[in-house]
Amino acid sequence: MNLAAPLKRPPVSLPFLYPSILHRVIPIPADRRHQSSARRTTKRLRVKPDPSLVSSIPPEQLRDHVIFNPPSSSSQPYHTPLAFLPPGDPRRSLLAKSHEHENPYAQPDKRLPPPAFKIPPEKKYHLKEDDIRAIRKLRMEDPFTWSRRKLAQLFDCSEWFISSVCNAPYERTNQYEREMEDHRARWGKRRRHAREDRQKRREMWGRDE
C-alpha cells in the first residue's frame, strides 16, 4: 500500500482520524443536506398527460361524443401493416372491410347514441298576462284538481313558474300538512333519526359550519 499517495478527501472531513479531544479544537463541517426535497419531488412528478388522453373536442361538444381510448396492447405477429402488403395482395381488401366496422357511427346513415347527461330544457317566455290570470283562476277555483304539475303541462311551463305566479289556497296547504303528518307518523326510529340528522346538516350548511 502506498502511503505517500494523495488523499481523495481532505483530512478535516474525516473526523474518525482524530482523537475525541481534538473535536473541540478543530471544527468539523456539518453534513450537507441532500439534494432531494419535497418541492423538487413534486416538481419532478408533474408530468404532462399523454396526448392520447387529452381530448381534442371543444368543451361545448364533449357531451355529444364518445371518447374511445382503448388500453395499449402488444402487436400480434399475424397482423401485417398495410404499408408492407404488396399491391395485389387480397389481404388489402379484407383489411379495408375490417376498418369499415371499427367505428359504425362514422357512417352518415348511423345515429349517435343518446347523450349520457340530461340536456336542460330551453326556457320559454311565451305566457302573457291573460295566461297568468287563467292560471290563478284555475288554481283558486279547484286547487285539488289543478295542481302545479297539471297547470305546468297545460300552459307548457315549469312548476316553479306556477308556484311563483300563484300560491295554493289555505285549504289545500292545510290538507297537505295533515297528509305529511300522517306520513311522518308511520316512520320508524331509524328513518326519523335520519331525517332529523339531514335537517341539522342543512341548518349547519346555512351557518357555514
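Start by selecting Lys124 and Asp156, whose side chains meet in a salt bridge with an N to O distance of 2.8 Å. This pair connects distant parts of the chain, 32 residues apart: Lys124 sits in the loop between α2 (91-100) and α3, and Asp156 in the loop between α4 and α5. The model on the screen is predicted. Colour the two residues by accessibility. Lys124 has a relative accessible area of 52%, so it is exposed, because the cut-off for exposed is over 50%. Asp156, at 42%, is partly exposed.

The salt bridges in this model number 4. Two others are worth a stop.

Select Glu159 and Arg149 next. Their side chains form a salt bridge at 3.7 Å, N to O. This pair too links distant parts of the chain, with Glu159 in helix α5 and Arg149 in helix α4, 10 residues apart. Glu159 is partly exposed, with a relative accessible area of 33%, while Arg149 is exposed at 55%.

Now go to helix α3 and select Asp130 and Arg133. Here the side chains meet in a salt bridge of 2.3 Å, N to O. The two residues are 3 apart in helix α3, so about one helical turn separates them. Asp130 has 52% relative accessibility and therefore counts as exposed.

The C-alpha atoms of Trp146 and Ile135 are separated by 9.1 Å, and the two residues are 11 apart along the chain. Is Trp146 buried or partly exposed? Its relative accessible area is 27%, so Trp146 is partly exposed; buried would mean under 20%.

For the last stop, select Arg39, Arg40, Lys43, Arg44 and Arg46, which form a positive surface patch. One of them, Arg39, lies in helix α1, which covers residues 38-45. Arg39 counts as exposed because its relative accessibility is 58%.

Notes
Residues numbered from 1 in each chain as written. Predicted model: local features only at pLDDT ≥ 70, side-chain atom pairs only at ≥ 80, totals over all residues. Heavy atoms only, no water. Patch = residues over 30% accessible without salt bridge, like charges linked within 9 Å, V, L, I, M, F, W, Y side chains within 5 Å. Areas by Shrake-Rupley, 256 points an atom, 1.4 Å probe, with all protein chains shown as cover. Lys, Arg positive; Asp, Glu negative; His and termini not counted. Charge placed at Lys NZ, Arg CZ, Asp CG, Glu CD. Helix = DSSP H or I, 4+ residues; strand = E, 2+ residues; numbered from the N terminus. Buried < 20%, exposed > 50% of the residue type's maximum accessible area, 1.4 Å probe, protein only.
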